[in-house]
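Here's a quick briefing for anyone opening this one up for the first time. Have a look at the sequence and the model, then read on.

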Amino acid sequence: MIRRGYITGPVLGALWMLVLSITVAVAMSFTTGDAFRPGAWLSVLWGAIAGGVMVRFGRGRAIQAGILMAVVVLVLVGIGPMLTGVETGRAARMFGAALLGAGFAMSLAAILNEVVPGKLTRHEFEGAVIRFLTGFGYIFFTAIVLIPFYVMVMTSFKNQSELIQNPLDFSVDLSKGVELFRSYDELFTQFNFGTYLLNSFFISVLTVFITLAFAIPGAYAVARLRFSGRAAFSRSILLIYMVPMIVLALPIYIAFSMTGLRNSFWGIVMIYPVTTIPVALYMLQGYFRGLPAEIEEAGLMDGLSRMAVIWKITLPLSLPALASVSLYVFMIAWNEFLLAFMLLDDPSKFTLTRGIASLNSSEIPRQHLMAGSVIATVPIMALFLGLERFMTKGLTAGSVKG
Amino acid sequence: MADIQPPIGTGPLAKREARLAWGLLFPTITAVALVVVLPLLAIFWISVKPVELADLRAPEVVLREDIRGDFDTAGDEATIRYRLRNSSQDQPITGVTFSDVIPEGLTVLSLDDRCNIEVRALNCDFGDWEPGLRETLTIPILVEQAYLDNGLRPQDSPATTTGTASNILTNSTFTLDNFARIFNGDEFVEVLWVTLFYTVFGTIGALQVGLFAALLLNKSFKGQGILRGLYFFPYVAPVIAVAFAWLILFDPFSGSANALLLQMGVTSEAINFFGERPLALIMVTVFEIWRYFPLSFLFILARMQSIDTDMYEAADMDGASPFQQFWYLSVPQLLGILSVLFLLRFIWTFNKFDDIFLLTGGNAGTRTLTVNVYEQAFAISNIGAGAAVAVVIFGCLLTFSIFFLKYISQEEGL
């Protein structure tokens, strides 16, 4: 039944209009702070009509322009798929209506590309559904990923009164200039965030080096050398990766309290690498296994010792894997919260995550909390975006068979 | 002439290789043993001990000393006062002694009979102390010119104290109270139910959303790389940063989500997303899905891109529709990675602590087993009970792991 152009077109049109009117209403609310809301039933009605029109009369430029005009007029009159409040400015209303109309007309034409009146083949029908789902998917994922980060950044640029006045308004008042960064300035001058940033950086870098120093020989042994207990060992690495941190944190807390290692930089540096060695070892051994053994054997025949083989042949060949493992370990150490939270009490030794946790009190305004979050997020994001290829390759290398 | 036979047992070369292998593994094994195996054993030990947070600091003799009285000129009299106490309110200390050096120029006039003085070295022996005992010792002295000239005060030479207290962590008191306490009543059933809900729905949800995202990006177009990087953000960002961003977004009083819902007429009053049962549990599960879908997305995408495209071309020729291709070609190919991911994510979600701790602190019906460890050990200050919960967690994990190893060794040929 549903595989008929006269039904498929209006149904997809109605659903698509619903998706777009919600999207545009949310986007306009966030950017202007004014009242925009989608009208659910009106969206379904107008969307279905537009879908029917496109199936009946084709998807040419004239039809698209007509739908655009119709949407704009309907929204401005107040019976459109998107409703606006009384105080909403004329320009914002116009812009929102045009955005919705243009977006809807063009994308629906693409979605209903092969839909004709009458009976559809499976291919035509499923193609249209897939195009609808793809469009929905891009909007959905981009929205759920961006909105929390957007909220984080925008909140950090506001001040207390602005935040309470209109929680919806996420426009940035650029005229404030440097004043926008006031929270950041206060974090660095009054809350020691410069120190936290350095602490986090040094701890993470040290963790990376110590982890590699332990994991490279271990991974090589597991991947290349024959010894009894090899299979058991490589399984127990995985098992150790399964032990929850909170279970270990409790005895570590007790031991550190008794030996006075709590609240010390070195205590943290001792404990972080051990949490990352198993995963680094697992990732590296997967990569080492993929390297051709013949090159190493040739090296051995030519009189190199094993150590020299690792140093001169294996490591240079596995630089991409080393980069991805380093990045991953750096990320774990940089983002680590539980151990830092439990083991550090002295503000001069805080890492960034511990520093942010200390901002979470009712006396400290929320824009400071968000500015702290931005400070912790930006470096790791930048690093990740720059080296994304390594990261995604390395994560999957150890565990996906091609 | 002797028969030529294959070598029996391991030859010297193989032995050398094995020795090298263990040598290379030695640092890792030591570190892991110290930080993973030892604490795990400790957890079992602590779980049967009546340990409270306060017991971590062993009872000790606390001593303060000062000099009292007016003494401006030589020949004045004054007193040195020692105030001592047992720092613990419930642990005795045995064999308490202390020793100190009286500064030059002070002459002791009379002495408590538990003390003796030789030249200027003062030694006192108090025997055994009850819990919470306080003691004040005053020693009258005569001030001489030498003292006034020196400017050395009695406090400047720190007194040393001795005394042995039995440490609750190492003595031989054992108890099963911890287990009795955590298994007691409805609370434990609720914790188990919450853990199960969170783990099962968090895992399945993250897999499904990840699969959807992978299907979206499994084609090459301009901007595919950017979108892939973007969809990875939730996983890469520090958990504390995104958790607080969610809290602020969904704040009941000034959160944007509530303002938006109110404006759209979906709700007539603000919703306390992280403070109401059962909404809080659903929200932390949604957060878990949001934060970890990138991981399943990445693994599924990697697997999809390694599937041979010939198969799809053949299916196309035979007239299979897109949905049929997905269901009969892609899904069977992805089943392996999906089940491995399911097992891995199941265990990791089960282990997850930070997310719930930061979002709700385990309130409003979101206390999972891992959060319960923290709750018992630090909020209620009962380390023993916390360790008992940890033992329960470990037991569950051991069960999962046996299942996991059986399965994953077939999948991965480990």
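Into which domains is chain A divided? Chain A splits into domain 1 (5-148) and domain 2 (185-397), with bounds that come from an automatic or database domain assignment. Keep in mind that this is a predicted model, where local features need pLDDT of at least 70 and side-chain atom pairs count only at pLDDT 80 or more, while totals for chains, interfaces and linings use all residues. Residues are numbered from 1 along each chain as its sequence is written, and chains are lettered from A and ligands numbered from 1 in the order in which they are written.

**Domains**
- In chain A, the centres of domain 1 and domain 2, taken over C-alpha atoms, are 47 Å apart.
- Chain B gets domain 1 (59-164) and domain 2 (177-412), and their C-alpha centres are separated by 62 Å.

**Where the chains meet**
- The contact (C-beta atoms, placed from the backbone, within 7 Å) takes in 82 residues of chain A and 74 residues of chain B.
- On the chain A side, helix α5 (residues 122-156) gives the most, with 16 residues; helices here are DSSP runs of H or I, at least four residues, numbered from the N terminus.
- That side of chain A has 56 nonpolar, 18 polar and eight charged residues. Ala, Val, Leu, Ile, Met, Phe, Trp, Tyr, Cys and Pro count as nonpolar, Asp, Glu, Lys and Arg as charged, and the others, Gly among them, as polar.

**Nonpolar cores**
- The largest nonpolar core has 160 residues, and A:L250, A:A280, A:L284 and B:A245 touch the most other members. Such a core is a set of buried Ala, Val, Leu, Ile, Met, Phe, Trp, Tyr and Cys residues joined through C-beta atoms within 7 Å.
- Helix α9 (residues 279-305) of chain B supplies the largest share of this core, 14 residues.
- Not counting residues up to four places away in sequence, A:L284 touches A:A215, A:I216, A:A219, A:A321 and A:V325.
- There's also a second, separate core of 33 residues, including A:F104 and A:L120.

**A closer look at A:L338**
- A:L338 sits in helix α15 (residues 338-343) of chain A.
- A:L338 counts as buried because it has 21 C-beta neighbours inside 10 Å; the cut-off for buried is 20 or more, with 12 or fewer for exposed and partly exposed in between.
- Leaving aside neighbours within four places in sequence, A:L338 is in contact with residues of both chains, A:M245, A:I246, A:A249, B:F353 and B:D354.

Terms used: Two residues are in contact if their C-beta atoms, placed from the backbone, lie within 7 Å. Helices (H or I, at least four residues) and strands (E, at least two) are DSSP runs, numbered from the N terminus.
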